[in-house]
Amino acid sequence: MDASRRTLTGDALTDLILDLFRVNNLILTWGDRLVAPLGLTSARWQILGAIVAADRPQPVAWLARDLGANRQNVQRIVNDLAAEGVVRFEPNPHHRRAHLVVLTDRGQQTYDDAIGLYDPRVNALADGFPLEDIRTAGRVMKALRKKFEGDENAGEQT
């Protein structure tokens, strides 16, 4: 088969990827507008969410990994959040230089306020979609993410 020709599933996946690019941009814009009154952006909100979701305090590199984001970008945003009193750094008993990132009381309140804005909006967005369709889309997204993560890991080993 000619390398420039796609299979039917390759074409379908290309259409999905192009739609994901568009939807991602729309979600980021939507999120920016939603949390702007709280002094957040979608990127800041994502980092707060990663801190909350972690089972224990994490260093920036681990937060970046969990988000699938660039460590330097996450570090820059975390530094800004620390300067604003939303997060603080604590010593890491396992690594002298990689401090742990922890929400302050202000950070927890900001995150809680963001979720308070988000919940009614996401419920309204979900209205009209069958639950099983949302779950199926989630499974496809997770499987696609795992394939991409596998490709990244394979590239690091060469």
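Which residue in β3 is the bridge partner of arginine 88? The partner is valine 102. The structure is a predicted model, in which local features need pLDDT of at least 70, side-chain atom pairs count only at pLDDT 80 or more, and totals for chains, interfaces and linings use all residues. Residues are numbered from 1 along each chain as its sequence is written, and side-chain values use heavy atoms, with hydrogens and water left out.

The protein has six helices and three strands. Both kinds of element are DSSP runs, numbered from the N terminus: helices are H or I with at least four residues, and strands are E with at least two. Along the sequence, the elements follow the pattern α-α-β-α-α-β-β-α-α. The C-alpha atoms fill a box of roughly 55 × 45 × 25 Å, taken along the principal axes. Of the 158 residues, 22% are buried. Buried means under 20% relative accessible area, exposed means over 50%, and partly exposed lies in between, for a 1.4 Å probe and protein chains only. Among contacts with a separation of 6 or more, 45% come from residues 24 or more positions apart. A contact means heavy atoms within 4.5 Å.

The strands form an open sheet. Its order is β1-β3-β2, and the pairing is antiparallel. Two strands pair if DSSP finds at least two bridges between them. The edge strands are β1 (58-59) and β2 (87-92), and each of these pairs on one side only. Five bridges join β2 to β3 (residues 95-103), and these two strands run antiparallel. Several partners can be named. Phenylalanine 89 is bridged to valine 101 of β3. Asparagine 92 has histidine 95 of β3 as its bridge partner. A hairpin connects β2 to β3 through two residues. Glutamine 58 has valine 101 of β3 as its bridge partner. In a regular strand the side chains alternate between the two faces of the sheet. Helix α2 (residues 42-53) lies across β2 and β3 and runs at about 100° to β3.

Helix packing comes next. Two packed helices are described by the angle between their axes and the distance between the axes. Axes are lines fitted to C-alpha atoms, for helices over the stretch in contact, and angles run from 0 to 180 degrees between N-to-C directions. Helix α1 (residues 8-35) packs with helix α5 (residues 105-126) at an angle of about 135°, and their axes are 10 Å apart. The two helices are therefore oblique to each other. Angles under 35 degrees count as roughly parallel, over 145 as roughly antiparallel, 65 to 115 as roughly perpendicular, and the rest as oblique. The crossing of α1 and α5 is right-handed. A crossing is right-handed if the near helix is turned clockwise from the far one by less than a right angle, and left-handed if anticlockwise. From α1, the contact uses Trp30, Leu34 and Val35; from α5, it uses Ala114, Leu117, Tyr118, Arg121 and Leu125. By class, the contact of α1 with α5 has seven nonpolar residues, no polar ones and one charged. Ala, Val, Leu, Ile, Met, Phe, Trp, Tyr, Cys and Pro count as nonpolar, Asp, Glu, Lys and Arg as charged, and the others, Gly among them, as polar.

The crossing of α3 past α4 is right-handed. Helix α3 contributes Val60, Ala61, Leu63, Ala64 and Leu67 to the contact, and α4 contributes Arg71, Val74, Gln75 and Val78. Leucine 40 lies in the loop between α1 and α2. At 5% relative accessibility, leucine 40 counts as buried. Leaving aside neighbours within four places in sequence, leucine 40 is in contact with Asp32, Val35, Trp45, Leu48, Thr110 and Ala114. Leucine 40 and threonine 110 are 70 residues apart along the chain, and their C-alpha atoms are separated by 8.6 Å. Glutamine 72 is found in helix α4. With 47% relative accessibility, glutamine 72 counts as partly exposed. Glutamine 72 and valine 86 are 14 residues apart in sequence, and 19 Å apart in space, C-alpha to C-alpha.
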